[in-house]
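I am opening a new page for this model.

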Amino acid sequence: MGVTESDTYDTVIVGGGHNALTAAAYLARAGQRVLLLERLDVLGGAAISTPAFEGVDARLSRYSYLVSLMPRQIIDDLGLDVRLARRKYASYTPDPADQGRSGFLATTDDFAEFGAMCNSVTRPLWDSMLEPLRRRSDIRTGAWEQLIETPIGEAIRAATPDDLRRGVLLTDALIGTFASADDPSLQQNICFLYHQMNPWDVPIGGMGAVTGSLESAARRHGAELRTGAEVLSINPDGEVKYRAVGEEHTVVGERVLSGVSPTVLARLLGEPLPPGQPGAQVKVNLLLNRLPRLRDENVTPEQAFGGTFHINETYSQLEGAYQDASRGQIPDPLPCEIYCHSLADPSILSPELRASGTQTLTVFGLHTPHGLDATAAQLQDAVLASLNSVLAEPITDVVATDAHGRPCIETKTTTDLENALGMTAGNIFHGGLHWPFAEDDEVLETAAQRWGVATDHDRVLLCGSGSRRGGGVSGLGGYHAARAVLEGR
């Protein structure tokens, strides 16, 4: 059966994550005929909110949990109902030297000098994120040598002699990135830049509120969004085959945008798979009857959990954990950081849960690379043991139970991300972050190249986290792809 005129679109988008929805909304708003194909039965990809525990009326941001680099312009352009909350405290870090009986409650002023140095580089980069790629020499400014060309460990060690404070700074370089502070690849520097360019804020209503608003905008402008549509292949000429409701279909797009990882895209194109960069994190969602008591009597639980709660993340512990994991061992103790969505935004809980004092915790364990010889249960045990090392009571004593009396604890490993969401090797950045600028000798002849979304095929563009500036929940990958499509060559 051949392709009819009704099966032909200006743009076909593969994948239904937040970036793909952003691209769909922009292109449909511009008058294009847009078809988006999502394998799962729901849209949003990793940026969804769901009731994770049976019989419990709490909608958790199940995978991604903070909005990072979403410019206000995207929210305004698309008329999104996206509200973000700033957390009251920057972070709290118990001191493992005295088993957490004291700690460091950080405010935004505690690293003012270091922050100013970072801003000298990150502010111009952030200001360029809605523009075509700038070249390295054109945007080089401020403390460029320290942040871009030298392993970030040197700048952190120069900033403070304190092992605990050094660790607070280093964590921004390691979220989802498996590297040492002095790794010559500088992957840790790239990750650090993305975390420093803009605050990472709490989405009111959870991540599902963000992608739900993007979905509404795309539909409002006329984009056709199909769920339960598994893409089987992509032809460089724009032909896309997919299966839905047990039947195979073929559509053609003048352009095809890929919101899936570059490795998955290569498989769909029938090309050799590119070398990927594995993910390196484990995420544990918990629902608590109340916040746990701390060993540090000088800090309230509301203060400690009101920002990022760092656990066993001193500089030396982070470096030691990297070495442990490099040898194939689960780090002991496992570096973790906690985020409490419900303190900043209780709307994700039912009125009854809010009244009872229920809270949510998201725990992000670092240095657990994909392929580590460890089960989900072992990683969960390592996370809970790390938490217990700084608490005045076992975390399981305050964990709520679901409708069947089971503890409200959910663990998501890199394998879970790969199997459920198609994130190759569980990498939350679809294969590793890139510098948010072009090299001086890089070819920038086409619109796709200038916007950082090019592939080896003129009609196939990236629009997800695998694009040049697509890391985090930002919508930038979708925005850049839409701009490239609308500009053409």
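**Helix 3 against helix 8**

I looked up this contact first. From helix 3, Phe114, Cys118, Val121, Thr122 and Leu125 meet Phe192, Leu193 and Gln196 of helix 8. I sorted the residues of this contact by type: six are nonpolar, two are polar and none is charged. The model I am reading is a predicted one.

I then took the axes of the pair. Helix 3 covers residues 112-127 and helix 8 covers residues 187-196; their axes come within 10 Å and cross at roughly 90 degrees.

**Helix 1 against helix 9**

At what angle do the axes of helix 1 and helix 9 cross? I noted roughly 25 degrees, with the axes coming within 8 Å, for helix 1 at residues 18-29 and helix 9 at residues 207-220. Angles under 35 degrees count as roughly parallel, and therefore helix 1 is roughly parallel to helix 9. I logged the crossing of helix 1 past helix 9 as left-handed.

On the helix 1 side I listed His18, Leu21, Thr22, Ala24, Ala25 and Ala28; they meet Thr211, Leu214, Glu215, Ala217 and Ala218 on the helix 9 side. By type, the residues in the contact of helix 1 with helix 9 are seven nonpolar, three polar and one charged.

**Arg136**

I placed Arg136 in helix 4, which spans residues 136-139. Is Arg136 buried or exposed? Its relative accessible area is 18%, and the limit for buried is under 20%, so I recorded Arg136 as buried.

I also listed what Arg136 touches, leaving out residues up to four places away in sequence: Trp144, Ile148, Glu149, Trp435, Phe437, Ala438, Glu439 and Asp440.

**Nonpolar cores**

Which residues touch the most other members of the largest nonpolar core? I found Ile13, Leu170, Ile234 and Leu257, out of 108 residues in that core. Helix 1 supplies the largest share of this core, eight residues.

I followed up Leu257. Neighbours within four places in sequence aside, Leu257 is in contact with Thr11, Val12, Ile13, Val14, Ala23, Leu27, Leu461, Cys463, Ala481 and Val485.

I noted a second, separate core as well; it has 30 residues, among them Val282, Ala304, Val383 and Val390.

Definitions and conventions. Residues are numbered from 1 along each chain as its sequence is written. This is a predicted model: local features need pLDDT of at least 70, side-chain atom pairs count only at pLDDT 80 or more; totals for chains, interfaces and linings use all residues. Side-chain values use heavy atoms; hydrogens and water are left out. Axes are lines fitted to C-alpha atoms, for helices over the stretch in contact, and angles run from 0 to 180 degrees between N-to-C directions. Helices (H or I, at least four residues) and strands (E, at least two) are DSSP runs, numbered from the N terminus. Angles under 35 degrees count as roughly parallel, over 145 as roughly antiparallel, 65 to 115 as roughly perpendicular and the rest as oblique. A crossing is left-handed if the near helix is turned anticlockwise from the far one by less than a right angle, and right-handed if clockwise. Contact means heavy atoms within 4.5 Å. Ala, Val, Leu, Ile, Met, Phe, Trp, Tyr, Cys and Pro count as nonpolar, Asp, Glu, Lys and Arg as charged, and the others, Gly among them, as polar. Buried means under 20% relative accessible area, exposed over 50%, partly exposed in between (1.4 Å probe, protein chains only). A nonpolar core is a set of buried Ala, Val, Leu, Ile, Met, Phe, Trp, Tyr and Cys residues joined through side-chain atoms within 4.5 Å.
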